[in-house]
Amino acid sequence: MPASFKVRTVPLDGGDGTLEEVLDPDFGESAIGRVAPVDSGLWWIILLRAYGKITGDYALQERVDVQTGIRLILNLCLTDGFDMFPSLLVTDGSCMIDRRMGIHGHPLEIQSLFYSALRCSREMLIVNDGTKNLVAAINNRLSALSFHVREYYWVDMKKINEIYRYKTEEYSADAINKFNIYPDQIPSWLVDWIPNEGGYLIGNLEPGHMDFRFFTLGNLWAIVSSLGTARQNEGILNLIEAKWDDLVAHMPLKICYPALEYEEWRIITGGDPKNTPWSYHNGGSWPTLLWQFTLACIKMGRPELAQKAVAMAEKRLSVDQWPEYYDTQSGRFIGKQSRLHQTWTIAGYLTSKMLLENPAKASLLFWEEDYELLENCVCALSKTGRKKCLRFAARSQICV
């Protein structure tokens, strides 16, 4: 699915001077870094479902070409490879963070959108002989992905204490430290930053590596899609509230926290002058995240948090001419290279206002826990490698 389109004017055949506009899609061949977008196809599925829910027009998603589009995206995402995890393996720069930021592997943002797109597809796919195997694959992946993210991406004070005492080099099916994480990876900023109440889903997980940065979009969409448990979802909002000055400050919301600085910034971003500390994707503030924060707050019965963020944003957005992003640790400056009159900045604000005025509409856009997934979980990292993970009794209150 293209990340963007450019409008090009070309002459019609016939030579009478008549012109027409055509769309040139960008599949990554024109992108900075030449990286194909992974998230655009997932967003297409999510928004297709949202359109049907809100308008009641389901004819669009039932069209043959649209059904074909859903299947093509899913077949690409569900293709077997050498990866052992149920999470989606992608390269750096493949999502909203479309420049080098050290998120290659299994970034949380993609996993949250992937999970949401799978749930959407299961609702929209017309089941027949040609799609029944695809629907079965969706159910299996939903179940395994849910367990994987809840179990291994979640950190709070209790989990960090466990990681701090991890044994390493455990070669066995009974290993506690399944990914061979070295405790020295726990960053110094995290020790004093994480509150006693609350937690979050880490930014990335790979063999021997945990990215402990807080990525906002992935955490918010984990709440919206019920990728996290009810307790985890509540914990994420508790953390945002406790760390309001860091994650919201003067302009909602930080795309990630903390920013990469000094030598770490130079090595991981390649010295990217746009991703300087607390700018753009490196800890910049993005108003477009406001609507997703609002949706997550309404789902969890915390609309007052969203109202506080919206009230803060609307004091500046129109005055500042609707910038794409804001700079500095507190989000006080308009981004150095920020484009103005950005559609997604305006849409994020308007959607937030409309959702707060009509919370019933929000319920059409988020998902509740799917208990059937919990009952049928197939955990690829269990002791036998193929054993079902019996989580039926725990339901959505699994303590991980």
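# A chat about the sheet and its surroundings

User: What joins the side chains of Thr294 and Ser352?

Analyst: A polar contact of 3.2 Å. One thing to keep in mind as we go: this is a predicted model.

User: Noted. Where is Thr294 found, and is it buried or exposed?

Analyst: Thr294 is part of helix H12. Its relative accessibility is 0%, so it counts as buried.

User: Which residues is Thr294 in contact with, leaving aside its neighbours within four places in sequence?

Analyst: Ser352 shows up again, along with Ala306, Val310, Leu355 and Leu356.

User: Let's switch to the sheet. How many strands form it, and in what order?

Analyst: Four strands, in the order S3-S4-S5-S6. It's an open sheet, and the pairing is antiparallel.

User: Which strands stand at the edges?

Analyst: S3 (154-156) and S6 do. Each has a single partner strand, so one side of each has no neighbour in the sheet.

User: How many bridges join S4 to S5?

Analyst: Four, with S4 (residues 199-206) and S5 running antiparallel. Within that pairing, Glu206 stands opposite His209 in S5.

User: What about the hairpin of S4 and S5, how many residues are between the strands?

Analyst: Two residues. In that hairpin, Gly208 has a positive phi near 75°.

User: How many bridges join S5 to S6?

Analyst: Two bridges there, and these strands run antiparallel as well. S6 covers residues 256-257. Phe214 stands opposite Tyr257, while Phe215 has Cys256 as its bridge partner.

User: Which strands does helix H5 lie across?

Analyst: S3, S4 and S5. H5 takes in residues 132-152 and runs at about 110° to S4. Helix H8 (residues 216-225) lies across S4, S5 and S6, at about 80° to S5.

User: OK, what is the phi of Arg34?

Analyst: About 55°, a positive value, although Arg34 is not a glycine. It lies in the loop between strand S2 (19-26) and helix H1 (39-55).

User: Is Arg34 buried or exposed?

Analyst: Exposed, at a relative accessible area of 57%.

User: And Trp278, what is its phi?

Analyst: Near 65°, again positive in a residue other than glycine. Trp278 is placed in the loop between H11 and H12. With 9% relative accessibility, Trp278 counts as buried.

User: Where does Asn282 lie?

Analyst: Asn282 is in the loop between helix H11 (262-269) and helix H12 (290-299). Asn282 is buried, with a relative accessible area of 0%.

User: What does the side chain of Asn282 reach at 2.7 Å?

Analyst: The backbone nitrogen of Leu260. Leaving aside neighbours within four places in sequence, the contacts of Asn282 include Met101, Cys256, Ala259, Leu260 and Trp265.

User: Last topic, H1 and H4. At what angle do they pack?

Analyst: At about 45°, and their axes are 9 Å apart; H4 is residues 108-124. That makes H1 oblique to H4.

User: Is the crossing of H1 and H4 left-handed or right-handed?

Analyst: Left-handed.

User: Which residues in H1 meet H4?

Analyst: Asp39, Leu42, Trp43, Ile45, Ile46, Leu48, Arg49 and Lys53. On the H4 side, the residues they meet include Glu109, Ile110, Leu113, Phe114 and Met124.

Methods:
Residues numbered from 1 in each chain as written. Predicted model: local features only at pLDDT ≥ 70, side-chain atom pairs only at ≥ 80, totals over all residues. Heavy atoms only, no water. Pairing = 2+ DSSP bridges. Buried < 20%, exposed > 50% of the residue type's maximum accessible area, 1.4 Å probe, protein only. Polar contact = N/O pair within 3.5 Å; in protein donor to acceptor, adjacent residues only side chain to side chain. Contact = heavy atoms within 4.5 Å. Axes fitted to C-alpha atoms, helices over the stretch in contact; angles between N-to-C directions. Parallel < 35°, antiparallel > 145°, perpendicular 65-115°, else oblique. Left-handed = near helix turned anticlockwise from the far one by under 90°.
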